Amino acid sequence: MTVRELEKYFTDLLKPENFGSDPSMNGLQIQNAEPDTKEIKKIAFAVDACEETALKAAEMGCDALFVHHGLFWGHSEKITGSVYKRISAFIKNDLALFAYHLPLDANNPYGNNYGLAKRLGLSDLEPFGFWRGMCIGVKGKLESPLSLDEITSKVLRPGKTANIVLPFGKEKISTVGIISGGGSEDVETAVAEGLDCFITGDFDHEQFHYAKENAINVIGGGHYETETVGIQLVREKLRSDFGLQTAYIESETGL
């Protein structure tokens with residue numbers, strides 16, 4: 001596959017045109033030298049585009065990198081300092097960059113939120129949580145009630161721990177709302193919709209007492225950790241569809 005063919009594949013799969021208010025410039029952010037002809041033999045997947053992941057992808061012999069957090073966020077920047085280091089790592093190694101932000105959060109079934117819902121075995125899935133008019137999360141019901149500890153262990157990868165767990169609600173949880181990454185404020189939506197538990201990545205200090213006063217359980221699984229899900233699902237989908245060589249780059253922030 002060429003970069004152009006991959007771009008069409010990811011566009012068809014993730015539908016970035018449905019997220020026009022997302023400032024993250026979804027899609028192909030950096031092309032390679034011959035986007036119409038060079039064969040992409042191996043593609044790396046990571047949460048973040050940065051100098052570290054670009055150099056690791058190049059060391060692995062990859063021709064492209066697919067990420068959730070790209071390099072460009074809707075405004076111009078001088079190509080100096082850290083921005084120069086990041087961009088030059090791609091260009092010097094002829095490494096293409098694909099980035100999908102909200103389209104990867106929201107996609108059903110290959111996004112972060114639906115992927116987390118699948119880990120929990122949620123049913124009766126419905127849209128949950130809107131940002132600038134775009135639905136990005138999901139809510140649903142558990143097959144049988146679970147404790148907060150049981151939910152936490154199912155949501156996170158083996159050996160990982162949540163950044164914060166707030167046991168302010170029911171001991172046995174039946175309904176859950178999920179927004180990966182920075183969805184702290186949507187705890188208010190979870191309360192308004194009568195959910196037993198809200199799962200996100202970051203959880204802000206400002207929302208602590210709100211959650212406590214409204215007796216809702218909260219899991220802040222970590223911004224990074226909750227957004228490792230979609231890239232892995234897209235990686236598996238691509239590998240299944242085309243047999244393309246892939247690699248996963250772990251570059252944890254602990255945040």
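This is a predicted model: local features need pLDDT of at least 70, side-chain atom pairs count only at pLDDT 80 or more; totals for chains, interfaces and linings use all residues.
Guide: Before we start, local features here need pLDDT of at least 70, side-chain atom pairs count only at pLDDT 80 or more, and totals for chains, interfaces and linings use all residues. Residues are numbered from 1 along each chain as its sequence is written, and side-chain values use heavy atoms, with hydrogens and water left out.

Visitor: Why is H1 called oblique to H10?
Guide: The axes of H1 (residues 3-14) and H10 (residues 229-242) cross at roughly 120 degrees and come within 12 Å. Angles under 35 degrees count as roughly parallel, over 145 as roughly antiparallel, 65 to 115 as roughly perpendicular and the rest as oblique, so H1 is oblique to H10.

Visitor: Which residues of H1 and H10 meet?
Guide: On H1 they are Leu6, Tyr9, Phe10, Leu13 and Leu14, and on H10 Val234, Lys237, Leu238, Asp241 and Phe242; contact means heavy atoms within 4.5 Å.

Visitor: What makes up this contact of H1 with H10, by class?
Guide: There are eight nonpolar, no polar and two charged residues. Lys and Asp count as charged, while Leu, Tyr, Phe and Val count as nonpolar.

Visitor: What makes a set of residues a nonpolar core?
Guide: The members are buried (under 20% relative accessible area, 1.4 Å probe, protein chains only) Ala, Val, Leu, Ile, Met, Phe, Trp, Tyr and Cys residues, joined through side-chain atoms within 4.5 Å. The largest one here has 22 residues, and Phe10, Phe66 and Val234 are among those with the most contacts inside it.

Visitor: Which element gives the most to this core?
Guide: That's H1, with six residues.

Conventions: Axes are lines fitted to C-alpha atoms, for helices over the stretch in contact, and angles run from 0 to 180 degrees between N-to-C directions. Helices (H or I, at least four residues) and strands (E, at least two) are DSSP runs, numbered from the N terminus. Buried means under 20% relative accessible area, exposed over 50%, partly exposed in between (1.4 Å probe, protein chains only).
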